[in-house]
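Please read the points alongside the sequence and the coordinates.

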Amino acid sequence: MIEFGNFYAQIAKKSLASWLEVLPKQLKVWRDEQAHGLLPNWEKVLAKLPDQSGAKIDLTNGVTIEAKEGLAEGQIRKVENLLRSYHPWRKGPYRIFDFDIDTEWRSDWKWDRLAQHISPLKYRQVLDVGCGNGYHMWRMLGADAEFVVGIDPSSLFLAQFEAIRQLAGNPQNIHLLPLGIEQLPPLQAFDTVFSMGVLYHRRSPIEHIFQLKDQLVHGGELILETLVVEGNKDTVLTPQGRYAKMNNVWFLPSVDLLALWLEKCGLEQVRCVDVTVTSVQEQRRTQWMTNESLEQFLDPNDPSRTIEGLPAPKRAVMIARKPSANDDD
Ligand SMILES: Nc1ncnc2c1ncn2[C@@H]1O[C@H](C[S@+](CC[C@H]([NH3+])C(=O)[O-])CC(=O)[O-])[C@@H](O)[C@H]1O
């Protein structure tokens, strides 16, 4: 049988090369848009963080960064205060030197729910779409991924990520680009693509799944996590107004319908590995995120409902594979 593997590898490389031509322009447009926002201030904060090159980091059970020898107590408190200026911290937690960034979300719980089910990340090139401040990207690196790229259009999350990266000694195999998924051409370059907490924010979930598939190499793995509702293949909830006070929520399918969408988009070996109702222990107000959180988004008399009377947040983790190049696609 004729093997077309190299041919496809060439396509993947070409798509990367043409992207690298447009990427600097995309990043410049983004930077120009931020010029009158808070990014310049956040960059000043970054410049005040200590040089931690060669710092010890431990990514096995969480994200822990050790202070370099000689960093005085006063400097540590200064770092803590500088990091506090990046409020609100949503995704984490991070252990920095002798203090914890106790974030709104216990993002480690989500990681623990899915890590055992995904293909080992060792030697893999990974893309995390809607990565927030990059918490899960560090965990991916801790699972031995070769190279991790995250995309997220939020400038605050980029600043938080860069702060953590700087304190971790600026490792070169983890990067966050301030882009939306719609700005990525079909790169066909990543062995594993994560999209967690993004699909319900997209106006077209089917388009989103195709965009994710287009980032994968043939045979690559997609991990898709999103809000779901009870029901069968015919069930999808489109909130008329807000959902849990969020005004940008479009489609909450049942797990069966989500699986059908993935299959219809040409993915295979589709399976649901976890469904969890979000608890007020997993998403809550903390010292590092003092705004409203899940407790305020739920009906105080019936926590199984949102404040709008809709089913309370429940999230599913789906795993699927993009067919091999020589499979019928
Ligand atoms: N067009 C877009 N393209 C890419 N990202 C986007 C886009 N629009 C918004 N985002 C980003 O998608 C992220 C959604 S949060 C999930 C974080 C992490 N993944 C988590 O699983 O904890 C939702 C949640 O709280 O779960 C935000 O950081 C947005 O800036």
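1. A residue is called buried when its relative accessible area is under 20%, and exposed when that value is over 50%. The model under discussion is predicted.

2. According to the UniProt record, an unreviewed entry, the "binding site" annotation comprises Lys 91, Trp 105, Lys 110, Gly 130, Asp 152, Pro 153, Ser 154, Ile 181, Glu 182, Met 196, Tyr 200 and Arg 315. These positions span 225 residues of sequence and are spread in space as well, with C-alpha atoms up to 25.9 Å apart. From this set, Lys 91, Trp 105, Lys 110, Gly 130, Asp 152, Pro 153, Ile 181, Glu 182, Met 196, Tyr 200 and Arg 315 belong to the lining of the largest pocket.

3. Arg 315 is located in strand E17, which covers residues 314–321. Because its relative accessibility is 9%, Arg 315 counts as buried.

4. Beyond four places in sequence, the contacts of Arg 315 include Trp 105, Lys 110 and Tyr 200, each of which also carries the "binding site" annotation in the UniProt record. Further contacts of Arg 315 include Glu 225, Thr 226, Leu 227 and Val 228, as well as Asp 274, Val 275 and Thr 276. With Tyr 200, the Arg 315 side chain forms a side-chain polar contact of 2.9 Å.

5. Ile 181 sits in the loop that runs between strand E9 (174–177) and strand E10 (190–196). Its relative accessibility is 4%, so Ile 181 counts as buried. Leaving out residues up to four places away in sequence, Ile 181 touches Val 129, Ile 151, Arg 202, His 208, Gln 211, Leu 212 and Gln 215.

Terms used. Residues numbered from 1 in each chain as written. Predicted model: local features only at pLDDT ≥ 70, side-chain atom pairs only at ≥ 80, totals over all residues. Heavy atoms only, no water. UniProt positions renumbered as here; feature names shortened; annotations may be inferred. 1 Å grid on protein atoms, 1.4 Å probe; cavity = no way out; pocket = protein on both sides within 12 Å on 5 of 7 lines; lining within 4 Å. Helix = DSSP H or I, 4+ residues; strand = E, 2+ residues; numbered from the N terminus. Buried < 20%, exposed > 50% of the residue type's maximum accessible area, 1.4 Å probe, protein only. Contact = heavy atoms within 4.5 Å. Polar contact = N/O pair within 3.5 Å; in protein donor to acceptor, adjacent residues only side chain to side chain.
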